[in-house]
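Hi,

Here is the structure I said I would pass on.

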Amino acid sequence: MKRTSPLSSRNISLALLGIVFVLLAILPQLTEAYIVVLLSDILKFIVLTVAWVIFAGPTGYISLASAAFYGVGLYTAAILNADMPFPLVVILAGVFCFIVALGVGALTLRLKGVYFTIFTFGLVQLLYYAVAEVERIATGKRGRFVSTENTETVYYAMFILTVLVLVTAVLIRRSRHGLALRSIGEYEQAAEHSGVNVIWTKVLVFAGSSVFMGMAGAIVATRRAYIDPGIAFDLNVTFMPVLMAILGGMTNLIGPVIGAAVFAYLGEFLLTRLPDLYMLVFGAVMVLAILFFPQGLWGLLAQGWSKLRGGRRAPA
Amino acid sequence: MGAARDIIIAGLLLGGIYALIAAGLSLQYGVARVLNVAHGEFIMIGAFITWWLFTNVSFDPLISIVITGPVTFVLGILLYRFVYRKIMVDSPTIEVFEGKSMLAAFGMLYVVQNIARWIWGSNTYAYQYMATSVTGARIPLNRLVALGVVVVVAAAFYVFLSHTRLGKAIRASALDPTTAGLVGVNVYRVLGICFGLGLAMAGIAGSLLSILYSVNTSMGLGYTVIALIVVVLGGLGSIQGAFIGGIFLGLMSSLVSYFQPSMTMIAYYVVFILLLLIRPKGIMGK
């Protein structure tokens, strides 16, 4: 049944989405620097979370390599940003990540579930120790300085990246690759027998999603001014997006965005007021969410909404 | 010649503890199907209890394993009962359970680590216990004693698995939980006990590690990673594999750190990644 009323819920949500984007686009003109920095941080988490969900959502493969690609992005910016224009650096960071992820994916996506997860977990640590060792031998120093960009440039770069990752996520979901990915997640062998090139699809989408993580890293680097292996290959960068995606709900794309936005803000709030309890609260919320809200915040909202409208089944 | 002997002995001593840590993790994954990435945090808990007892009431660190073992065992039983059992009941397939329980374990990692940090702060602590070297090779006595404890624990565990009714139930549940349940094994109870035993091994290993190295509240993750590497080396879920992998990694660590200590972790990962690519089932995997 197709409704054509201009006030259908689909049109309303599209209009709301448009308003949000316009507001975000003109925001730096309206408000103070702190809010802009905070928003760039929230957008960073949205990018990382949505990029993670692009691959993990439909396939169920839990990648813990986000920090590896993010770190490659940080180092790309640290090495190149002094000599090259900023947009080119960001694009190059994406290209490097694509190449790295293509290699990693081609090698590891033959592995099933838990082995893939352990491998990607190890990859972050390997890069941490390897980069630290290379820096120790090559420069004798622990970290590097990054030539910085101003707050507004960083914000707009992150905003454009957010729009790009969301558009890509929607396009992939609607393409035949999205369907192929979901069928892999449901029953990999059946997908293979139905003519899906399982490994190629997985590797390509995995590499594609890592591009955004690397670009986010490159943009963040130009705000930090200084990076070292501990900052670049920080396991929190891996866990946070996973946590945010689970808390938001992974059945569609709105869930991860809500999860990232709510918990990035909450994180900032806790970090400034209760720094000791910050990670404790996150851990506890993660366990409780897995136990009691497997559909995430979005699932709760959808349930509440369907109750309000009276008895209709919540969308799965 | 002397150098080679020292490398081998040091490697065996280190490998013994790695093996104990990894056997615990392997038990949790092999039977209870929880890839417990918070394993190292319970090593940290064991280490801190031992350190606290020794510095505050001069309690003997070796005897403290009769406290740390049972404490972590009970923690494991409770954790399984209130977290992992519910996830298992809610999960449609074993793959979904593995994914969700691992993510819950990440949450537990943060919870346990930050509670510990709340209690003990972020300082590094150490104490001296049996730090004299034994004649001949330059081996500290405490390392030999630690290896002795590992051998005793491993032997006791082997006898428990192979000669008791509960051990048989554990082996049956590892092979096929559904059928084990059909022939009258209380599967959830057995899985809970396995999870608890895995944590008890972590707690005991923590006590031993606190004798050898300094302790701090963020020490856990490093040992979790080592345990993961050892378990993949030996074959996920294989207890014998965990012991073989542990000894192997200990020897390799001792060899690499003889030449270039800062390369040890990199060497671990290179071996780990090569092995995952060539033989993901591990040395003893089926």
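This is a predicted model: local features need pLDDT of at least 70, side-chain atom pairs count only at pLDDT 80 or more; totals for chains, interfaces and linings use all residues.

For the complex, the predictor reports an ipTM of 0.85 and a pTM of 0.86. Chain B has a mean pLDDT of 87, with 96% of its residues at 70 or more. Within chain B, confidence is highest in helix 2 of chain B, at 94, and lowest in strand 1 (residues 133–134) of chain B, where the mean is 64.

Now for chain A. You'll find 14 helices and two strands in it. Its radius of gyration is 20 Å, close to the 20 Å that the globule rule gives for 316 residues, so chain A is as compact as a globular protein of that length. Of the 316 residues in chain A, 46% count as buried. Take the contacts in chain A between residues at least 6 apart in sequence: 78% of them join residues at least 24 apart.

Next, how do the two chains meet? In the interface, 30 residues of chain A are in contact with 34 residues of chain B. On the chain A side, the elements giving two or more residues are helix 5 (113–138), helix 11 (235–248) and helix 13 (278–292) of chain A. Helix 5 of chain A supplies the largest share of that side, 12 residues. By residue type, the side of chain A that touches chain B has 22 nonpolar, six polar and two charged residues.

Finally, a helix pair in chain B to look at. Two packed helices are described by the angle between their axes and the distance between the axes. Helix 2 (residues 39–57) of chain B and helix 3 (residues 65–90) of chain B have axes that come within 10 Å and cross at roughly 140°. That crossing is right-handed. Which residues make the contact between them? From helix 2 of chain B they are B:Phe42, B:Ile45, B:Gly46, B:Ile49 and B:Thr50, and from helix 3 of chain B they are B:Ile67, B:Thr68, B:Val71, B:Thr72 and B:Leu75. The residues of this contact divide into six nonpolar and four polar, with no charged ones.

That's the tour. Over to you!

Cheers

Notes. Residues are numbered from 1 along each chain as its sequence is written. Chains are lettered from A and ligands numbered from 1 in the order in which they are written. Two residues are in contact if their C-beta atoms, placed from the backbone, lie within 7 Å. Helices (H or I, at least four residues) and strands (E, at least two) are DSSP runs, numbered from the N terminus. Ala, Val, Leu, Ile, Met, Phe, Trp, Tyr, Cys and Pro count as nonpolar, Asp, Glu, Lys and Arg as charged, and the others, Gly among them, as polar. The radius of gyration is taken over C-alpha atoms; the globule rule is 2.2 Å times the number of residues to the power 0.38. A residue is buried if 20 or more other C-beta atoms lie within 10 Å of its own, exposed if 12 or fewer, and partly exposed in between; C-beta atoms are placed from the backbone. Axes are lines fitted to C-alpha atoms, for helices over the stretch in contact, and angles run from 0 to 180 degrees between N-to-C directions. A crossing is left-handed if the near helix is turned anticlockwise from the far one by less than a right angle, and right-handed if clockwise. pLDDT is the predictor's confidence in each residue, from 0 to 100.
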